[in-house]
Structures are given as structure tokens and as C-alpha cells.
Amino acid sequence: MQCHVPIGYKVEEGRIIICEETCKIVKQIFTEYDCGIAATKIAAGLKEKGIPNGNGKVSWTHVSIGRILENPNYLGNEYYPQIIEKELFDQVQKRREGVRAELGRANHRPGKDERILFGGGNAELCVPVSRSGINMVQM
């Protein structure tokens, strides 16, 4: 059975534990972002240094950095040991909200259904269309 755990952790003897080597990367990401460095620049820096991501590839984007910054597992819970202090995590979340507000994204974050439908709307409004462009459902 394959198990994926966030970067900074590893599975040992069936338990999720902190991976000392990669937890440093997680702490670096949180610290740099809290110091005002953009997620894009953090990703570029990790790529430049040849640091692999959680999948073992040197492939970092602002999206992968954002997922790390928003992952509450780093605060610790019944399954994951704590890597990031709550105060730092909360500061980072506050900064992320501020950045979203600056970019005009503060009040809306698309849900899964909207992303699947490429821009929103309701699934009931999607009508099958033939290759010729003719509506295949009689209304």
C-alpha cells in the first residue's frame, strides 16, 4: 500500500513522524513567506537550489508553496506531529488573506465543482452538444 504524506513527514513502522531533513524545507517556506517573500520567489529559490519536493522532483510552483502554507497538518493533530508553531501559521494565513485581497480574490475561492466546470455555474446548466454544435437534449 502506498501512502502519501506531506513534505516534512515520513512513515516509519506504520506511523507518521517528522522527517528532519525535509521539515527544514517546510520551516524555511513558512519563515520566508512570513518575511514577505512571495510564493513564486520561494518556489524559484527551491528550484535553483535543486531541492526536491514531496514527490522527489525538483518541481516547485507558487501553487505547491501555497498548499504547504495552507496545510493545517503542520500544526499537529492526532496523526501528524507539529512542525510549525501556531503563531507563525496564523501570521502566514493572515498575510495570505491580505495578498488575496490585494489581488481581488479575498471574497471568493473557487470550490472543486467550479474548477471542474471551468469558471463556475451549475452542473444542471451543462447541456450535451453534438460535434456539429446541435443541442442533444430536448428542452
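Analyst: Let's go from the overall layout to helices, salt bridges, a loop and a pocket. This is a predicted model, where local features need pLDDT of at least 70, side-chain atom pairs count only at pLDDT 80 or more, and totals for chains, interfaces and linings use all residues. Residues are numbered from 1 along each chain as its sequence is written, and side-chain values use heavy atoms, with hydrogens and water left out.

User: How many helices and strands are there in the protein chain?

Analyst: Helices (H or I, at least four residues) and strands (E, at least two) are DSSP runs, numbered from the N terminus. Here the protein chain has 5 helices and 2 strands, and reading along the sequence gives β-β-α-α-α-α-α.

User: How much of the protein chain counts as buried?

Analyst: Buried means under 20% relative accessible area, exposed means over 50%, and partly exposed is in between (1.4 Å probe, protein chains only). Of the 139 residues in this chain, 25% count as buried.

User: And what about contacts between residues that sit apart in sequence?

Analyst: A contact means heavy atoms within 4.5 Å. Take the contacts between residues at least 6 apart in sequence: 43% of them join residues at least 24 apart. Gln91 lies in helix α4 and is partly exposed, at 33% relative accessibility.

User: Which residues of α2 are buried, and how do I read a helix face?

Analyst: In α2 (39-48), the buried residues are Ala39, Ile42, Ala43 and Leu46. They fall within an arc of 100 degrees, so they line one face of α2. That buried set packs against α1 and α3. On the face turned away from the buried side you'll find the exposed residues Thr40, Lys41 and Glu48. Just after α2, Gly50 takes a positive phi of about 75 degrees.

User: Which residues are buried in helix α3?

Analyst: In α3 (residues 62-69), they are Ile65, Gly66, Ile68 and Leu69. Their arc around the axis is only 160 degrees, which puts them on the same side of α3. As for partners, the buried residues of α3 pack against α1 (20-34), α2 and α4.

User: How many salt bridges does the count come to?

Analyst: A salt bridge is a side-chain nitrogen of Lys or Arg within 4 Å of a carboxyl oxygen of Asp or Glu. By this rule there are 5 salt bridges. One of them joins Asp90 and Lys86, with the closest N and O atoms 2.9 Å apart. Asp90 and Lys86 are 4 residues apart in helix α4 (residues 86-102), so about one helical turn separates them. Asp90 itself is partly exposed, at 35% relative accessibility.

User: Which residues are linked in a network of salt bridges?

Analyst: Glu70, Arg96, Glu97 and Arg100 are. Within it, the side chains of Glu97 and Arg100 meet at 2.4 Å, N to O, and both lie in helix α4, 3 residues apart, about one turn of the helix. Glu97 is partly exposed at 39%, whereas Arg100 is buried, with a relative accessible area of 9%.

User: What about the loop between β1 and β2?

Analyst: Glu13 lies in the loop between β1 (9-12) and β2 (15-18), and its phi is near 55 degrees, a positive value in a residue other than glycine. Glu13 is exposed, with a relative accessible area of 80%. Glu12 forms a salt bridge with Lys10 (3.7 Å, N to O). Glu12 is partly exposed at 40% relative accessibility, and Lys10 is partly exposed at 34%.

User: Last one: how much space lies in the second largest pocket?

Analyst: Rolling a probe the size of a water molecule over the atoms shows where empty space is left. On a 1 Å grid over the protein atoms alone, a pocket is an open set of points where a 1.4 Å probe fits, with protein on both sides within 12 Å along at least five of seven lines; lining residues have an atom within 4 Å of a point. Grid points are joined across faces, edges and corners, and the volume is the space filled by probe spheres set on the points. The second largest pocket holds about 310 Å³ of space. It is lined by 14 residues, and the closest to its centre are Asn53, Gly54, Asn55, Ser64 and Ile68. For classes, Ala, Val, Leu, Ile, Met, Phe, Trp, Tyr, Cys and Pro count as nonpolar, Asp, Glu, Lys and Arg as charged, and the others, Gly among them, as polar. The lining of this pocket then has 5 nonpolar, 8 polar and 1 charged residues.

Note on methods
The arc is that of the directions from the helix axis to the C-beta atoms.
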